[in-house]
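Take a moment to look over the sequence and the 3D picture below.

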Amino acid sequence: MGLLVMVVGLVLFLGAHVFTAQRGARARLIASMGEGTYKIVYSLVALAGLALIVWGFAHYRADEFQAVWNPPKFLKHLNIALMLPAVILVVAAYVRGRIYRAVKHPMLAGVKLWAFGHLLANGDLGGIVLFGSILAWAVYDSISLKRRADPGAPPIPVGGIGNDLIAVVVGIVAYLALAFAFHPVVLGIPVMGS
């Protein structure tokens, strides 16, 4: 049941994100329901999807875990190493500086690194479905961004190297919190020392 719930969550969460790439359909829906209502509905669908993903994956890991292959230990270490730049890239999407200018879409680059690393380190069916789906979406969204004709959201000001330093420091702190608090305490999955 957990795996099925996770898949429903992925359909909702990723479906909402894929819909935003359909610019014509999105514009028509916003015109018919209003931008505020659209944002509320979009947020509720995405949050419901995320909640189902987390709940479903937790129950899958506890009750339905199905190993497909056994990743070698070095892939787990590679995943840990990839997570630091992944988290810094996600932060750099919001604290924009030279990293943002160089990468152009640091959020998607960070998500791709995160999903790819976790896909390498997890050889179970649920992990392959979860991380493979998110990686596929991130690749799709990167391609769709190159094909979009509209300007998208209003631009966020881009700063200089000071913003990059903030992104790196906040990224390191978030990385450590994810590794030492979120993974072992919230998910029950030890990362460091395992």
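This is a predicted model: local features need pLDDT of at least 70, side-chain atom pairs count only at pLDDT 80 or more; totals for chains, interfaces and linings use all residues.

Residues are numbered from 1 along each chain as its sequence is written, and side-chain values use heavy atoms, with hydrogens and water left out. Helices (H or I, at least four residues) are DSSP runs, numbered from the N terminus.

Let us begin with a pair. Two packed helices are described by the angle between their axes and the distance between the axes. Here an axis is a line fitted to C-alpha atoms, over the stretch in contact for helices, and angles run from 0 to 180 degrees between N-to-C directions. Helix α1 (residues 2-21) packs with helix α3 (residues 35-64) at an angle of about 150 degrees, and their axes are 7 Å apart. That makes α1 roughly antiparallel to α3, a term for angles over 145 degrees. The contact of α1 with α3 has, by class, 19 nonpolar, 7 polar and 1 charged residues. In this scheme Ala, Val, Leu, Ile, Met, Phe, Trp, Tyr, Cys and Pro count as nonpolar, Asp, Glu, Lys and Arg as charged, and the others, Gly among them, as polar. The crossing of α1 past α3 is left-handed, meaning that the near helix is turned anticlockwise from the far one by less than a right angle.

Is V7 buried, partly exposed or exposed? At 33% relative accessibility, V7 counts as partly exposed; buried means under 20% relative accessible area, exposed over 50%, and partly exposed in between (1.4 Å probe, protein chains only). V7 and I53 are 46 residues apart in sequence, and their C-alpha atoms are 7.1 Å apart in space.

Now move on to helix α4 (residues 73-92), whose 20 residues should span 28 Å at 1.5 Å a residue; its end C-alpha atoms are 30 Å apart, which agrees. The expected span is 1.5 Å times one less than the number of residues. Where does α4 bend? The bend, about 25 degrees, is at M83, and a proline, P85, follows within four residues. A bend is the angle between axes fitted to the seven residues ending at a residue and the seven starting there. Among the buried residues of α4 are L75, N79, I80, L82, M83 and A86.

K104 counts as exposed, at 58% relative accessibility.

Next comes helix α6 (residues 106-121), which packs with α7 at an angle of about 155 degrees, with axes 9 Å apart. The two are therefore roughly antiparallel to each other, and α6 passes α7 in a left-handed crossing. Buried residues in α6 include P106, L108, G110 and V111.

Finally, compare two alanines. A149 lies in the loop between α7 (125-147) and α8 (161-187), and A149 is exposed, with a relative accessible area of 83%. A167 is in helix α8 and is buried, with a relative accessible area of 0%. The C-alpha atoms of A167 and Y94 are separated by 8.4 Å, although these residues are 73 residues apart along the chain.

Technical notes: Angles under 35 degrees count as roughly parallel, over 145 as roughly antiparallel, 65 to 115 as roughly perpendicular and the rest as oblique.
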